[in-house]
Amino acid sequence: MSRIALAIGCGGTIGGAWSIAALNALSEQLGWDPRDAAIVQGTSAGAEIATMLGGGFTVGDLVDMQLGLASDERLAAHLADTPSGIPPIPGPAVPALSTLTRSGGHRALTGIAPRGRGDAGWLDRLATSVCPPGETWVDRPGIRLVAYRPGDDRRIAFTGPGEATGGDGALSTAATLSQALRASWAIPSWMPPVDVAGRRYVDGGAASTASVDLIGADDADVVYVIASMAGLDDVRGPGLGGLAEATLLRRPMSAVLQREVRQVRSRGTRVVVISPTADELDVLGANFMSRGHRAEAFEKSLHTTRATVAAALELQDVR
């Protein structure tokens, strides 16, 4: 039986909604429960989804949440907590100009970005709500939340107490679930960085949309990647908004994703990448943090992702 890993990338409010729709289509077409994956790794918005799956919620629960039909008050509260699509005015920057020489994703910008002043309490409340009483991490093994450590240019997957292996620094047990989720979501200039064990972390998406290469050959035979902000093709949305989003965000992130996928495939691991089509990007819009557009984007994505997922599975011949 194949060992399956699931990597869910960053995407903000809209990308997170699209990712849940894509995950729902993947689950239906494979007849598979994502909670059964050996590894569920999330970055930023993907870390939210990994947290909810780790807390025992089904994909159907997450779909109902996005539709405003959640029966569990924790999910209803989390949806109501969705942050504004406009960040608070950031604080003064603390320049680390040495990061300007770094390449890949948006690593360089973390050194000059102003300090975000967004309230990450909504993420703390979600993390706390899914942990067993008195515990700081979910019961389910294999949950990994990825953050970026600008100080030494490392991506770290927080794993929860007792789970990290390897010793190369890529996996860490240092953070609580709340710390790991807030760190993974700490978008530079939007949300404040998070200190864990004396080290500073920001949004994992600043370095890689999904950090596929942190999933080792011994972790999985098949990796399903759901990436709302990157892809294997040079796809973009229409118009000037689509061009700006592609130039500033999608192309740099896609280049990193493509490199990681090649690396993981070279180990003999099958990788299936699911990302939006140009038509879907048109529906999602250029502002992936648009709270007011979330419901419409999700409802349309519930239908469009069926064909998108089917095409990705057919391309990799995994069914």
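**Entry 1: the model**

I am working from a predicted model, so everything below is computed from its atoms.

**Entry 2: salt bridges overall**

I started with a search of the whole structure, and the count came back as 12 salt bridges. I then went through a few of them one by one.

**Entry 3: Arg35 and Asp33**

I looked up Arg35 and found a salt bridge to Asp33, with 2.8 Å between the closest N and O atoms. Buried or exposed, or something in between, for Arg35? Arg35 comes out as partly exposed, at 28% relative accessibility. Asp33 is partly exposed too, since its value is 24% and the cut-off for buried is under 20%.

**Entry 4: Asp195 and Arg200**

Next I checked Asp195, whose side chain meets that of Arg200 in a salt bridge at 3.0 Å, N to O. I noted a relative accessible area of 44% for Asp195, which puts this residue in the partly exposed class. Arg200 has 42% relative accessibility and also counts as partly exposed.

**Entry 5: Lys300 and Glu296**

Which residue does Lys300 pair with? I found Glu296 as the salt-bridge partner, the closest N and O atoms being 3.0 Å apart. Both residues sit in helix H9, which covers residues 294–316. They are four residues apart, so about one turn of the helix lies between them. Lys300 is partly exposed with a relative accessible area of 38%, and Glu296 gets the partly exposed label at 41%.

I also jotted down a network: Arg149, Asp152 and Arg199 are joined into one by salt bridges that share partners.

**Entry 6: helices H2 and H6**

How do their axes cross? I get an angle of roughly 155°, with the axes coming within 8 Å. H2 is therefore roughly antiparallel to H6, because angles over 145 degrees are put in that class. I wrote down the handedness of the H2 and H6 crossing as left-handed.

Then I listed who makes the contact. From H2 I have Ala47, Glu48 and Thr51; from H6 I have Leu177, Leu181 and Ser184. Sorted by class, the contact of H2 with H6 has three nonpolar residues, two polar ones and one charged one.

Conventions: Residues numbered from 1 in each chain as written. Predicted model: local features only at pLDDT ≥ 70, side-chain atom pairs only at ≥ 80, totals over all residues. Heavy atoms only, no water. Salt bridge = Lys/Arg side-chain N within 4 Å of Asp/Glu carboxyl O. Buried < 20%, exposed > 50% of the residue type's maximum accessible area, 1.4 Å probe, protein only. Helix = DSSP H or I, 4+ residues; strand = E, 2+ residues; numbered from the N terminus. Axes fitted to C-alpha atoms, helices over the stretch in contact; angles between N-to-C directions. Parallel < 35°, antiparallel > 145°, perpendicular 65-115°, else oblique. Left-handed = near helix turned anticlockwise from the far one by under 90°. Contact = heavy atoms within 4.5 Å. Nonpolar A, V, L, I, M, F, W, Y, C, P; charged D, E, K, R; others polar.
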